[in-house]
Amino acid sequence: MKYSDNLEDLIKQALETEHEETIKSYDDMNLWEQSLSVFKGKHKLAPIANYIAIWVYAMGVFYSFYKVMTAEDTIFWLIVLNITLMAVAFNKIWHWMEINRKATKNEIKLLRLEIKSLLENKNQS
């Protein structure tokens, strides 16, 4: 435990001197900022298309639920209802996976920066 605490102190000292601005940009984001970060980057249209699909599937859920309650061919509309509910769930899972991917990517970048700073400090001393 003592070694890891000392290592954390060394990392903080190295990063405070050289990469202060970069570290501030990688601070922990709250859930709202993480959700919005999915819309940044190379593939920013994919989440927009995902949200449009979620709304379309949600309308399909409501329409098929209405049809189940009023129509004679209930089995067909129950199948449509289940498919649309699963589609909404899968799209939401995809969105949360994108949030997790972005957070992991930022953590890896910060770790690379920390390693680089430690190596530079070791070479200087």
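The paragraphs below lead through a predicted model of a protein chain, from its helices to its aromatic rings, its salt bridge and its surface patches.

The chain contains 5 helices and 0 strands, and, read from the N terminus on, its elements follow the order α-α-α-α-α. Of the 125 residues in the chain, buried residues make up 22%. Several of the features described below involve helix α4, which covers residues 45–70, or helix α5, which covers residues 74–124.

A pair of aromatic rings is described by two things, namely the distance of the centres and the angle of the planes. How many aromatic pairs does the count come to? The count comes to 2 aromatic pairs. In one of them, the rings of Y63 and W77 have centres 5.4 Å apart and planes at 80 degrees, and because planes over 60 degrees apart count as edge-to-face, this pair is given that name. Y63 belongs to helix α4 while W77 belongs to helix α5, so this pair ties together parts of the chain that are 14 residues apart in sequence. Y63 has a relative accessible area of 44% and is therefore partly exposed, whereas W77, with a relative accessible area of 15%, is buried. The rings of F76 and W77 also form a pair, and since their centres are 5.1 Å apart with planes at 75 degrees, this pair is edge-to-face as well. F76 counts as partly exposed, at 46% relative accessibility. Taken together, the ring pairs link Y63, F76 and W77 into a cluster.

The next feature concerns charge. Side chains of opposite charge can pair when their charged atoms come close. In this model the count comes to 1 salt bridge, which E98 forms with R101, the closest N and O atoms being 2.9 Å apart. Both residues lie in helix α5, and because they are 3 residues apart there, about one helical turn separates E98 from R101. Are the two partners buried or exposed? E98 has a relative accessible area of 17%, which is under the 20% limit, so E98 is buried; R101, by contrast, has a relative accessible area of 40% and is partly exposed.

M97 is also found in helix α5, and at 52% relative accessibility M97 counts as exposed, because the limit for that word is over 50%. Although M97 and V38 are 59 residues apart along the chain, their C-alpha atoms are separated by 10.0 Å.

The surface, finally, carries patches of two kinds. A nonpolar patch is formed by L45, I48, Y51, I52, W55, V56, Y57 and M59, which together have about 840 Å² of accessible area. One of these residues, Y51, lies in helix α4 and counts as partly exposed, with a relative accessibility of 34%. Where is K42 placed? K42 sits in the loop between α3, which covers residues 31–37, and α4, and with a relative accessibility of 81% K42 counts as exposed.

Terms used: Residues are numbered from 1 along each chain as its sequence is written. This is a predicted model: local features need pLDDT of at least 70, side-chain atom pairs count only at pLDDT 80 or more; totals for chains, interfaces and linings use all residues. Side-chain values use heavy atoms; hydrogens and water are left out. Helices (H or I, at least four residues) and strands (E, at least two) are DSSP runs, numbered from the N terminus. Buried means under 20% relative accessible area, exposed over 50%, partly exposed in between (1.4 Å probe, protein chains only). Rings of Phe, Tyr and Trp (its six-membered ring) pair if their centres lie within 6.5 Å; planes under 30 degrees apart count as stacked, over 60 as edge-to-face and the rest as tilted. Patches are made of residues with over 30% relative accessible area and no salt bridge: like charges are joined within 9 Å, nonpolar side chains (Val, Leu, Ile, Met, Phe, Trp, Tyr) within 5 Å. Accessible areas come from the Shrake-Rupley method with a 1.4 Å probe; for residues, only the protein chains shown count as cover. A salt bridge is a side-chain nitrogen of Lys or Arg within 4 Å of a carboxyl oxygen of Asp or Glu.
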